[in-house]
Amino acid sequence: MKNKYRILKITVTVIILGLLLSFSLKRFSGQKITDNKISVKMNEKTPVYFVDEKDIREIVKKENPSGKVGDLNIPVLEKKINSLPAVDSANVYLNLNGKLYLDIKQRVPVFRLNKDGRDFYVDQKGTEFPTSKTYSHPCMLVTGNVKPDEYKKLAELIEKIDKDDFSKKFFIGISKSKDDYNLLTSEGNYKVELGDLDNIEFKVKGFKTFVEKYLVFQDPQKYSMVSIKYQNQIVTTLNPYFKENDSILKAGNLELAKAPILAASKKPEAMPKTSETKKTKAPAVKPKEKPKPKTAVKPKEIRKTEKKPTATKPKAKVKNRIKGVQKDD
């Protein structure tokens with residue numbers, strides 16, 4: 001009898017608990033998720049505003065038109081929020097009081113890339129996402145044909161620049177020309193030729209030393225480019241539109257102008273045109289040999305030129321007279 005009483009007692013308690021649970025579940029599922037019961041948190045360290053809290057609340061209303069807890073599909077809602085381009089991750093859950101929590105982490109752009117006529121952001125992971133019409137995040141602008149596999153290295157470079165006070169104030173943008181990266185500066189019109197994205201710390205440190213030791217004492221308009229892509233050396237290019245560089249550039253142009261003249265004077269010696277050079281030198285040595293190539297055409301003119309001198313005729317007459325006098329004796 002005691003065992004039957006215990007079994008009956010257990011079954012009754014289970015039935016009661018089941019009824020209470022079903023009643024509480026019906027009551028819980030019948031609760032409405034009002035605006036007061038929706039909590040949206042943005043967990044990113046750097047404040048960004050690509051996704052607004054209002055947008056999240058509207059998505060919740062669209063996914064649950066009735067507003068009841070029982071009609072809400074949490075996995076579907078979580079997937080919908082994660083599909084937003086500017087959202088890195090989202091976590092959605094309910095508590096026992098029927099309050100809905102949405103913890104959202106947005107993508108923080110490291111740089112803004114202008115490529116092939118498109119303008120978009122790239123985050124630390126190298127993920128592209130579009131710009132917003134309502135919000136523009138302050139970050140470095142990059143232009144040129146940057147490949148997707150270079151996004152992470154480029155993001156690392158920009159993060160290092162942002163952490164250094166000197167670099168952050170000095171560099172305002174990055175451009176890529178062919179395979180070389182160039183850092184755009186806030187002072188002057190010159191750019192810093194970086195080359196590839198290898199040995200970034202060493203290159204930036206070398207440029208920083210060059211600025212502090214030398215460039216600080218120069219006019220920022222003096223140079224059009226400072227190259228740090230070569231190992232252990234810095235190559236500068238003068239600005240042709242800077243007036244103080246005129247004398248240096250003129251001297252350089254004169255030296256460059258001499259080089260083609262020397263090369264041109266050497267070319268006729270190397271070319272097989274010996275006949276032309278001999279004709280130009282022959283008149284100075286033998287002036288009478290000029291008409292020789294045309295002797296067959298005008299032979300008479302040569303004889304006339306020999307008879308023309310008047311000094312030869314009187315000499316012949318004198319000789320005849322002297323001979324005549326000797327004969328008479």
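**View 1. The largest nonpolar core has 32 residues.** Inside this core, the residues with the most contacts are Phe 111, Leu 154, Phe 171, Ile 174 and Phe 207. Helix α4 (residues 151–163) gives the core its largest share, six residues. A nonpolar core here is a set of buried Ala, Val, Leu, Ile, Met, Phe, Trp, Tyr and Cys residues joined through side-chain atoms within 4.5 Å; buried means under 20% relative accessible area, exposed over 50%, and partly exposed in between (1.4 Å probe, protein chains only). Helices (H or I, at least four residues) and strands (E, at least two) are DSSP runs, numbered from the N terminus. This is a predicted model, where local features need pLDDT of at least 70 and side-chain atom pairs count only at pLDDT 80 or more, while totals for chains, interfaces and linings use all residues. Residues are numbered from 1 along each chain as its sequence is written, and side-chain values use heavy atoms, leaving out hydrogens and water.

**View 2. Here are the neighbours of Phe 171.** Leaving aside residues up to four places away in sequence, Phe 171 touches Met 140, Ile 161, Leu 183, Leu 184, Thr 185, Val 192, Val 204 and Phe 207. A contact means heavy atoms within 4.5 Å.

**View 3. A second, separate core has 23 residues.** Among them are Ile 33, Val 51, Leu 102 and Tyr 121. In soluble globular proteins, nonpolar side chains tend to be buried together.

**View 4. Ile 16 sits in helix α1 (residues 2–29).** Ile 16 is partly exposed, with a relative accessible area of 43%.

View 5. Of its 329 residues, 26% count as buried.
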